Amino acid sequence: MCGWKDFIGEAFSGSCIYEAEFTLPSEIKGEEGEIDLGDVRFSASVRLNGASLGDAVFPPYRIKIPKGLLEEENRLEIKVTNTAANLYLNTDYFDKYTINELSPYFIPEKEFARAYVSGGLFGTVKLFIR
């Protein structure tokens, strides 16, 4: 998995969908489980076989799979949404103002936003069956 900066640019603030199909042994069909999304930047909505499993907004990014949802053939969709920091730091909108016309917090806000510039699904997504 990866981030999307190299694909759609540094200023993109929004959502992207990661999709995967996978096959499981028939004896696992219908079992409960859990998906570990790894490193998400910054929130994720997860669907499995068309059913919503919920949202993950804080680490650890783990989502429960209820009994009866896993099939032999499965489709996983992970919608990842980043913050507005990418757009905030990569816009020329503020260039028309002097520093005195902006908030006294403008520079600290930009420094804070630098910690949240990213977007995507990083690392390995893991499936655990109970």
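Mentor: Start with contacts along the chain. Among the contacts in the protein with a separation of 6 or more, 78% are between residues 24 or more positions apart. Keep in mind that this is a predicted model.

Trainee: What makes two residues a contact?

Mentor: Heavy atoms within 4.5 Å make a contact. Take Ile78: not counting residues up to four places away in sequence, Ile78 touches Cys16, Ile17, Tyr18, Leu37, Ala44, Ser45, Val46, Leu121 and Val125.

Trainee: How many helices and strands does the protein have, and what pattern do they follow along the sequence?

Mentor: There are 3 helices and 9 strands. Read along the sequence, the pattern is α-β-β-β-β-β-β-β-α-α-β-β.

Trainee: Why is Leu69 called buried?

Mentor: The cut-off for buried is under 20% relative accessible area. Leu69 has 17% relative accessibility, so Leu69 counts as buried. Leu69 lies in the loop between β6 (62–65) and β7 (73–81).

Trainee: Which residues is Leu69 in contact with, beyond its neighbours in sequence?

Mentor: Leaving aside neighbours within four places in sequence, the contacts of Leu69 are Leu48, Asn49, Ala51, Leu53 and Asn74. As for Thr81, it is 12 residues from Leu69 along the chain, and their C-alpha atoms are separated by 25 Å.

Trainee: How do you know that β1 and β7 are paired?

Mentor: Pairing needs at least two bridges between the strands. Strand β1 (residues 15–23) and β7 are joined by 9 bridges and run antiparallel, so they pair by that rule. Glu19 stands opposite Glu77 in β7, and Ala20 stands opposite Leu76.

Trainee: How many bridges link β4 and β7?

Mentor: Strand β4 (residues 43–48) and β7 have 6 bridges, again in the antiparallel sense. Here Ala44 is opposite Val80 in β7.

Trainee: Which strands form the sheet with β7, and in what order?

Mentor: The order is β1-β7-β4-β5, an open sheet of 4 strands with antiparallel pairing. β1 and β5 are called edge strands because each has a single partner strand, so one side of each lacks a neighbour in the sheet. Neighbouring strands of this sheet are turned by 20 degrees against each other on average, direction ignored.

Trainee: Which residues touch the most other members of the largest nonpolar core?

Mentor: That core has 22 residues, and Leu37, Val46, Leu53, Ile78 and Val80 touch the most other members. The elements that give two or more residues to this core are β1, β4, β5 (51–56), β6 and β7.

Trainee: Which strands form the open sheet that contains β2?

Mentor: 3 strands form that sheet, in the order β6-β2-β9, with antiparallel pairing. β6 and β9 (126–129) are the edge strands, as each pairs on one side only.

Trainee: How do you know that β2 pairs with both β6 and β9?

Mentor: Count the bridges again. Strand β2 (residues 33–36) has 4 bridges to β6, and 4 bridges join β2 to β9. The cut-off is at least two, so both count as pairs. Gly33 stands opposite Ile65 in β6, and the bridge partner of Gly33 in β9 is Ile129. Asp36 has Arg62 as its bridge partner in β6.

Trainee: Are the residues of β2 buried or exposed?

Mentor: Buried: Gly33 and Ile35 point one way from β2, Glu34 and Asp36 point the other way, and all are buried.

Definitions and conventions. Residues are numbered from 1 along each chain as its sequence is written. This is a predicted model: local features need pLDDT of at least 70, side-chain atom pairs count only at pLDDT 80 or more; totals for chains, interfaces and linings use all residues. Side-chain values use heavy atoms; hydrogens and water are left out. Buried means under 20% relative accessible area, exposed over 50%, partly exposed in between (1.4 Å probe, protein chains only). A nonpolar core is a set of buried Ala, Val, Leu, Ile, Met, Phe, Trp, Tyr and Cys residues joined through side-chain atoms within 4.5 Å. Axes are lines fitted to C-alpha atoms, for helices over the stretch in contact, and angles run from 0 to 180 degrees between N-to-C directions.
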